[in-house]
Amino acid sequence: YDDIIVSAYYKSSNQGTVYVIYGAEKSLAANLDLTITLNPLTNGITFTGITSPVEYFGRSLAFGDINNDGSPDIMIGASRRSSSKGAVYVIYSGNSS
């Protein structure tokens, strides 16, 4: 099942948060509540930007197989990081088996 990635770069006074919601047999869309804590073992994971300086973590998102292991990795942009020079964080996917 495909996962869903949701960005909220204005969350927490522009600190930014990115949610990865794991794919499942039944759709979570009707009951999706991002105010709850996602559990990395069951339904998803949350990544949060730094608080000082504000970085707009999640302003841009992309995915692709950066390390050529056959699994898609996540790139998270933070446009205001390092005096607005910006930064890209890479989250490498792992094999769950």
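I began with the term salt bridge: a side-chain nitrogen of Lys or Arg within 4 Å of a carboxyl oxygen of Asp or Glu. The model is predicted, so local features need pLDDT of at least 70 and side-chain atom pairs 80 or more, while totals for chains, interfaces and linings use all residues. Residues are numbered from 1 along each chain as its sequence is written, and side-chain values use heavy atoms, without hydrogens and water.

Entry: the salt bridge.
I looked up how many salt bridges the structure holds, and there is one. R81 pairs with E55, and their closest N and O atoms are 3.7 Å apart. The two residues are 26 apart and link distant parts of the chain: R81 is in helix α2 (residues 81-84), and E55 is in the loop between β3 (44-48) and β4 (57-64). I noted that helices (H or I, at least four residues) and strands (E, at least two) are DSSP runs, numbered from the N terminus.

Entry: burial.
I took buried as under 20% relative accessible area, exposed as over 50% and partly exposed as in between (1.4 Å probe, protein chains only). E55 is buried at 1%, whereas R81 is partly exposed at 26%.

Entry: positive phi.
I found Y56 in the loop between β3 and β4. Its phi is near 55°, a positive value in a residue other than glycine, and Y56 is buried at 12% relative accessibility. N68, in the loop between β4 and β5 (73-78), also is a residue other than glycine with a positive phi, near 60°. N68 is exposed at 68%.
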